[in-house]
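Please look over the sequence and the model shown here before reading on.

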Amino acid sequence: MSKENVKQRILTKTIEAKQRNNEKIASLKDEIMLTDYRHLTSKCEYGVIWTIAFQTALDEHEIVIIPESDEVYWLDGTIFVPSNRRIEANGATVRLVPEFPYVMICNEHIKDGTDAPIDTSDRDTNISIHGGLWEESCVSRGKRRLNADFQNTFKGVQTTMLFNNLEHLTITDVTFSHANSFCVQVGDLIDGVFENFSFVSCFADGLHINGNCENLYVRNFKGHVGDDLVALNMYDWINSSINYGPAKNIYCENIISEPDSKAKMMRLQPGMFKFQDGTLVDCSVTNVYVKHARGIFEYKLYFQSPRYFIGSEPEGQGAGTADNIFFEDIEVIAERPWYPDEDDEERGHFGMFFSNSNVGYLSLENIHYITDENTSDKTHLIVVGPMSCIRDGKEVFDPYVSATLDILELNDIFINGERVSEIDGLIKIVEFDNINNDGNSSGKGKLNHVVLDGKQVL
């Protein structure tokens with residue numbers, strides 16, 4: 001199948017998911033105004049608490065409308081959304097009280113898939129949220145787990161909204177503000193639509209996607225976040241995921257990071273993960289199409305485990321696989337983060353597109369790379385291979401990991417407005433030889449084939 005056919009197939013699959021979701025949303029008819037349950041509210045020092053009213057309205061009706069108001073709708077507990085529910089919150093502000101350090105909203109039958117794949121026999125279906133300002137009261141990043149009803153056993157939950165074990169989820173026209181950690185975290189999801197998201201002074205990822213997801217349509221994201229605006233983390237750390245496994249058919253369009261965002265990144269992280277019984281799963285990612293992104297200067301397609309002391313055992317199991325990954329109409333500016341050390345001869349290389357996963361096919365098309373006289377000669381558009389950075393005696397990355405990028409296709413690549421006609425200076429291959437002197441830091445990147453504007457050059 002040609003490149004254009006694969007891209008069209010990804011777009012078609014995700015648009016069909018959106019259409020299926022819209023049909024299910026339209027089938028819901030029984031609606032109520034949240035204010036009809038005002039008798040179930042209570043007062044606190046901040047204003048009116050709507051937690052019981054909101055939960056009761058969702059338990060009893062398909063559609064809950066939160067009326068536009070200058071009044072804040074305060075919550076002091078987690079709201080659990082049953083199947084076949086639509087929340088309309090245009091013009092409304094819903095805010096967690098500062099002392100409630102747990103999830104604001106999740107679906108009814110969430111499951112923890114950290115130790116083993118989840119049982120999906122009670123999968124929820126057809127949940128949507130439209131409009132609204134969803135706020136926390138945080139001034140820095142922290143960790144957020146499930147409501148205390150779950151005894152905090154879900155270690156990998158860090159989010160304002162959590163959805164998994166679910167089919168047909170739609171969230172549109174929403175704004176998140178002062179989010180403690182991720183704004184929305186999803187996993188084990190079939191048919192997800194996330195459209196018209198804004199972020200104001202948020203401290204971690206905007207949309208954090210974990211494993212076992214299929215047919216996701218992501219469009220029109222903008223704002224200020226503290227980490228990845230969109231993260232496709234099929235593999236993730238134990239404290240950042242409860243769903244491990246493959247994902248396929250993901251379309252992302254018009255992803256815009258604000259200039260003052262703390263981080264200007266997008267992560268695609270496949271990886272190997274070991275369940276409690278020793279079973280290994282390839283948390284792979286296949287068929288991803290990212291089109292029109294601005295303000296994001298680092299696209300991370302490499303395995304990364306949590307920091308570990310030199311000589312100790314890293315948490316993860318190594319690089320996973322990816323295939324049919326497309327980036328189109330992307331502007332990147334040569335802006336280095338705090339790592340790796342630029343003055344280190346071996347560790348100092350950094351890429352705007354950085355791959356150390358086992359990738360079958362990666363396409364970069366209509367890429368505009370902007371540099372200036374201050375750009376380091378160790379900053380590259382594309383880097384293939386491992387990373388290493390030592391901080392406080394800990395390894396930040398995974399220099400022991402070797403991985404191969406089989407086919408890299410480049411079309412219409414521009415550096416400072418000039419079209420690239422050869423790959424010299426464009427791509428850096430990284431190889432380590434026991435860089436940490438620990439016997440576990442000799443990862444090597446490998447690139448098999450490069451096609452530039454239709455011509456094979458490697």
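This is a predicted model: local features need pLDDT of at least 70, side-chain atom pairs count only at pLDDT 80 or more; totals for chains, interfaces and linings use all residues.

Residues are numbered from 1 along each chain as its sequence is written, and side-chain values use heavy atoms, leaving out hydrogens and water.

**Helix α1**
- The buried residues of α1 (buried means under 20% relative accessible area, with a 1.4 Å probe and protein chains only) are Lys3, Val6, Lys7, Ile10, Thr14, Ala17, Asn21 and Ile25.
- An α-helix has 3.6 residues a turn, so residues three or four places apart point the same way.

**Strands**
- The chain holds two helices and 34 strands, which are DSSP runs (helices H or I, at least four residues; strands E, at least two) numbered from the N terminus.
- Strand β17 (residues 247-257) pairs in the parallel sense with β15 (residues 213-223) over nine bridges, where pairing requires that DSSP finds at least two bridges between two strands.
- Within this pairing, Glu214 has Lys248 of β17 as its bridge partner.
- β17 also pairs in the parallel sense with β21 (residues 285-294), over eight bridges, and the bridge partner of Glu253 in β21 is Lys291.

**Whole chain**
- Of the 458 residues in the chain, 59% are buried.
- The C-alpha atoms fill a box of roughly 70 × 45 × 45 Å, taken along the principal axes.

Notes. Buried means under 20% relative accessible area, exposed over 50%, partly exposed in between (1.4 Å probe, protein chains only).
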